[in-house]
Number of protein chains: 2
Amino acid sequence: MLQLKDLPDEKVLRKFAERYEDVDSRSVTHFLNILRISTELTEALDRFLATHGLLQGRWWVLILLMREENLTSTPSELAEKAGVTRATMSGLINGLLRDGLVARQDDNKDRRSYTIQLTIAGQNKLDEVMPDYYPRVKKMMSVIPMQQREDLLKQLLLLKEQSQVFD
Amino acid sequence: MLQLKDLPDEKVLRKFAERYEDVDSRSVTHFLNILRISTELTEALDRFLATHGLLQGRWWVLILLMREENLTSTPSELAEKAGVTRATMSGLINGLLRDGLVARQDDNKDRRSYTIQLTIAGQNKLDEVMPDYYPRVKKMMSVIPMQQREDLLKQLLLLKEQSQVFD
DNA sequence: TGACAATAGTTAGTCAGCTAACTAAAATGC
DNA sequence: GCATTTTAGTTAGCTGACTAACTATTGTCA
């Protein structure tokens with residue numbers, strides 16, 4: 001994510017515009033500010049999860065498991081839904097196993113595979129975090145009226161589609 | 001950052017709302033979408049930098065150095081401006097030293113310290129990347145009219161201020 | 001049916017973030 | 001002027017992201 005604290009001011013942008021052509025100061029400023037603010041929102045969420053002894057990656061795995069009918073899934077499925085590689089999911093699962101928040105059952109049919117299930121402890125952890133999480137999200141989002149929220153999302157979606165300019 | 005690919009749909013949110021009170025589906029959906037889209041913008045930037053053999057952390061260090069009058073700074077200053085710890089900056093600088101993009105000079109006055117200077121190779125790297133970067137940013141941002149951009153930033157700033165609800 | 005391809009998961013190595021503990025040097029203050 | 005505190009940077013160990021190479025197993029099909 002964009003860690004940069006010291007965003008370029010007008011003076012810096014002018015200096016760079018001297019050396020490089022086609023520097024649109026406002027575009028650069030807007031783009032960097034969007035990334036910077038997003039980082040800060042993520043960091044706020046991370047800090048919140050940390051107070052409950054969780055990190056984002058592991059929290060998502062627990063939530064993905066809770067979505068399942070029998071609280072069970074496989075490493076591959078979890079990796080795909082979480083948007084990480086299977087290698088990364090291996091590490092996340094190991095951490096959760098160590099903490100006892102998930103349990104492992106070998107698959108009888110496919111001996112390469114196994115399933116991961118949310119344990120009571122894992123469910124308890126979510127029951128501790130989620131009732132604290134939802135009201136905070138609601139409160140935060142409430143500062144923006146609904147119509148503006150829709151507009152905000154619409155513009156961000158436009159940017160996302162346009163982000164192929166970087167490819 | 002928010003890696004989660006599989007955002008909750010209405011069905012999932014209803015399921016969670018059964019167990020937890022005060023789940024505002026729209027707030028959660030909006031919040032997660034903002035984080036998700038931001039991640040995708042960052043990933044687009046990362047992919048772009050990767051085509052030039054760079055990663056975000058190192059790129060910012062080079063830019064911070066180029067901003068300086070004599071292309072020189074200290075690890076501590078760089079860490080602060082980049083928004084990372086000095087430990088992290090140690091690692092970034094070592095990578096850049098290995099690649100020859102920055103050079104190190106010991107400080108005569110303070111023997112604990114040293115300065116880091118952008119090398120010709122480092123400047124060349126920026127001269128390769130930046131003229132490719134700026135037009136892309138300009139093109140991407142141009143899909144949103146200026147007034148909407150200002151609104152977008154205003155709303156995001158509101159959210160950022162309100163993100164203290166997570167503390 | 002037996003070779004080959006595809007799939008599931010792990011391991012090793014890289015990068016980049018963090019904290020905590022450390023060394024060395026400089027600055028402060030009695 | 002010496003002890004203490006502060007500062008600069010590094011190191012070690014944790015987390016979590018990646019790729020590439022690996023093992024083991026299952027599936028395919030000639």
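## Stop one: a pair of helices in chain B

Start by selecting α3(B) and helix α5 (residues 86–98) of chain B: they pack at an angle of about 80°, with their axes 10 Å apart. An angle between 65 and 115 degrees counts as roughly perpendicular, so α3(B) and α5(B) are roughly perpendicular to each other. Keep in mind as you click around that this is a predicted model.

Now show the side chains where these two helices touch. From α3(B) you want Gly57(B), Arg58(B) and Val61(B), and from α5(B) you want Leu92(B), Gly95(B) and Leu96(B). By class, that contact of α3(B) with α5(B) holds three nonpolar, two polar and one charged residues.

The crossing of α3(B) and α4(B) is right-handed.

For the contact, select Trp60(B), Val61(B) and Leu64(B) on the α3(B) side, then Leu78(B), Lys81(B) and Ala82(B) on the α4(B) side. The contact of α3(B) with α4(B) has five nonpolar residues, one charged and no polar ones.

## Stop three: the nonpolar core

Nonpolar side chains tend to be buried together in soluble globular proteins. Here the largest nonpolar core has 86 residues. Which of them touch the most other members? Select Val61(A), Leu62(A), Ala82(A), Val61(B), Leu62(B) and Ala82(B).

Zoom in on Val61(A). Setting aside neighbours within four places in sequence, Val61(A) is in contact with Leu78(A), Ala82(A), Leu92(A) and Leu96(A).

## Stop four: where the chains meet

Colour by chain. You'll find 61 residues of chain B in contact with 61 residues of chain A. On the chain B side, α2 (25–51), α3, α4, α6 (120–141) and α7 (146–162) each supply at least two residues. The side of chain B that touches chain A divides into 35 nonpolar, 11 polar and 15 charged residues.

## Last stop: a strand in chain A

Finish with Asp106(A), in strand β2 (residues 102–106) of chain A. Is Asp106(A) buried or exposed? With 9 C-beta neighbours inside 10 Å, Asp106(A) counts as exposed. Then try a distance label to Ile116(A), 10 residues apart from Asp106(A) along the chain: their C-alpha atoms are separated by 8.9 Å.

Technical notes
Residues numbered from 1 in each chain as written. Chains lettered and ligands numbered in written order. Predicted model: local features only at pLDDT ≥ 70, side-chain atom pairs only at ≥ 80, totals over all residues. Left-handed = near helix turned anticlockwise from the far one by under 90°. Helix = DSSP H or I, 4+ residues; strand = E, 2+ residues; numbered from the N terminus. Contact = placed C-beta atoms within 7 Å. Nonpolar A, V, L, I, M, F, W, Y, C, P; charged D, E, K, R; others polar. Core = buried A, V, L, I, M, F, W, Y, C linked by C-beta atoms within 7 Å. Buried ≥ 20, exposed ≤ 12 C-beta atoms within 10 Å, placed from the backbone. Axes fitted to C-alpha atoms, helices over the stretch in contact; angles between N-to-C directions. Parallel < 35°, antiparallel > 145°, perpendicular 65-115°, else oblique.
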